[in-house]
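I opened this notebook to keep track of what I looked up in one model. The entries follow the order in which I went through it.

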Amino acid sequence: MRVCSLHFHSGKPSYEMLENHPDWTPSLRLGHNDVKETDVARYQRQVKRRTQHLERPPAQDHQQQLPSPAQDHQQQLPSPAQDHQQQPPSPAQDHQQQPPTPAQDHQQQPPSPAQDHQQQLPSPAQDHQQQLPSPAQEHQQQLPSPAQEHQQQLPSPAQEHQQQLPSPAQDMECGHCTSRRYVVNNLLEENRELKRELDEYRMNENFLSGDDNTVKYYTGLPNFALFQTLLLTLTPYLPQGRMKKLSPFQLLLLTLMRLRLDLPIQHLSHLFRVHRTTIADAFHHTLGVMYAQLCPLVHWPSRECLLTSMPHQFVESFGKNVAAIVDCFEVFIEKPSNVLARAQTFSQYKHANTMKYLIVITPQGVISFISNGWGGRTSDKHITEQSGFLNKLLPGDIVLADRGFNIRESVGMMCAEVKIPTFTRGRAQLEAKDVEETRAITHLRIHVERVIGVVRNKFKFLHSTVPVHMLVKCEGENLMPLDKIVTVCCALTNMCKSVV
């Protein structure tokens, strides 16, 4: 059975005979508390004590083999008794050492039994001399020399050198540990760097954090805090079950990137590393959630709100009754295969197939109304009368419009008034009053064109040619996907700073 190295202190099991070693059995990260974690420091202390105990007898043998300086001096310098015994022999002794006489030869014959008994049994003096040592020897045995005391108190130089300097095996092991630690640290640093680079390409939560310029480029929102607020609002409603491969952050990011940069589905599939059908489904589902949650941002304000923050330019020209500025813009679409649909969507103004939308802003520059899409052939008057915009007017409201909006009668039926530039048809010159009024209307009505430009430039999807499948009404709804896209773009524009 294989055991992971993370369960051992040294990364691998110890030798099987070292039963006291901390790594004899795995004890780390076992997932339970039944087995107590072993202590490496305790085992090292035991090994150190055992090593000191084993190294002590060889040191004593060395002490016995190598005598101390006092013992050397004692062996070199004999005692006075030994000097007296080792003096030159006397004449009598020399005479005794001369060649033996015949009588001496006779004396050197085999000894008698009495002599044998005398040689076997020593004399009483010799017994006393062998049993009782001399006083110098007793003093030498009882009191150790100062060198021996110093040698017993202080460890030998060999022991000190052995304790201070590690063995060659320990030096080699420390070198291996240092090199391995250096390699491990380099690998960890490289791993962290690769993870950081991978996070930048994964399009996850770290992709936009802390960089407002990146947020503005990819989403159109001014800062990351606003993006986080939008994400927290939409997360409970996003389709997380069916889109397991994409997080809520990625669902919102890819939808905004498609609207903002008009990126193809295939390119988004490559960026988020999922199949293109997954990206297409995620875009449509997220778009539906955004339309349902952000649609209230495009609302008609009350008259009290308009009067509270009315710009002074409108007050000076038309008083405090200006409620709306209206205009239409068109989005290019692919040429339908159906002849009737092709005729209904062809625009004489753009000379192409388009979808037309009525947009209404307040004097403060906030989009307050956006209609559903109509074919490019439809007139502005028809869209204004059929879109439900007139139902939001109150008696006394003033509406600023372009010359193409011939809606004076329709607005008058709601007890409101419409201001359009004066026609010059059939006139050689306008009156001074008409000139001033036309100049004021044109000067203030330009704000709606600026808002339209912001919406189209912020979200490049409205600049491109929309495919025909975006014009098919959603199942169970009276809306096209393009209608939802235009409404979401207007709502996101209202979340940004106004142009007025």
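Entry 1: I looked up Arg303 and found it partly exposed, at 32% relative accessibility. I use buried for under 20% relative accessible area, exposed for over 50%, and partly exposed for in between, with a 1.4 Å probe and protein chains only. The model is predicted, so local features need pLDDT of at least 70 and side-chain atom pairs count only at pLDDT 80 or more, while totals for chains, interfaces and linings use all residues. Residues are numbered from 1 along each chain as its sequence is written, and side-chain values use heavy atoms, with hydrogens and water left out.

The side chain of Arg303 meets that of Asp397 in a salt bridge, at 2.6 Å from N to O. Arg303 is in helix H17 (residues 303-308) and Asp397 in the loop between helix H20 (380-386) and S6, so the pair ties together parts that are 94 residues apart in sequence. Asp397 counts as buried, at 5% relative accessibility. For a salt bridge I require a side-chain nitrogen of Lys or Arg within 4 Å of a carboxyl oxygen of Asp or Glu. Helices (H or I, at least four residues) and strands (E, at least two) are DSSP runs, numbered from the N terminus.

**Entry 2: other salt bridges.** How many salt bridges does the structure hold? I noted ten. One of them joins the side chains of Asp327 and Arg445, at 3.6 Å from N to O. That pair links distant parts of the chain, with Asp327 in strand S1 (residues 322-332) and Arg445 in helix H22 (residues 432-458), 118 residues apart. Both Asp327 and Arg445 are buried. A network of salt bridges links Asp327, Arg445 and Glu449.

I also looked up Glu417 and Lys419, whose side chains meet in a salt bridge at 2.9 Å, N to O. Is Lys419 buried or exposed? Lys419 is buried, with a relative accessible area of 16%, whereas Glu417 is partly exposed, with 37%.

**Entry 3: Arg403.** I found Arg403 in the loop between strand S6 (398-400) and helix H21 (408-412). Arg403 is partly exposed, at 37% relative accessibility. The C-alpha atoms of Arg403 and Thr422 are separated by 7.8 Å, and the two residues are 19 residues apart along the chain.

**Entry 4: positive phi.** Most residues other than glycine have a negative phi. I noted Asp262, where phi is positive, near 55°. Asp262 sits in the loop between helix H14 (248-261) and helix H15 (265-272), and Asp262 is partly exposed at 27% relative accessibility. Phi of Arg273 is also positive, near 60°. Arg273 belongs to the loop between H15 and helix H16 (276-294), and Arg273 is exposed, with a relative accessible area of 59%.

Entry 5: An unreviewed UniProt entry annotates residues 184-211 as "coiled-coil region". In the model, this stretch is 64% helix and 0% strand, with its end C-alpha atoms 33 Å apart.

**Entry 6: Lys36 and Leu18.** I looked up Lys36 in the segment before helix H1 (40-65). Lys36 is exposed, with a relative accessible area of 73%. Leu18 is also in the segment before H1, and Leu18 is partly exposed, with a relative accessible area of 38%.

Technical notes: UniProt positions renumbered as here; feature names shortened; annotations may be inferred.
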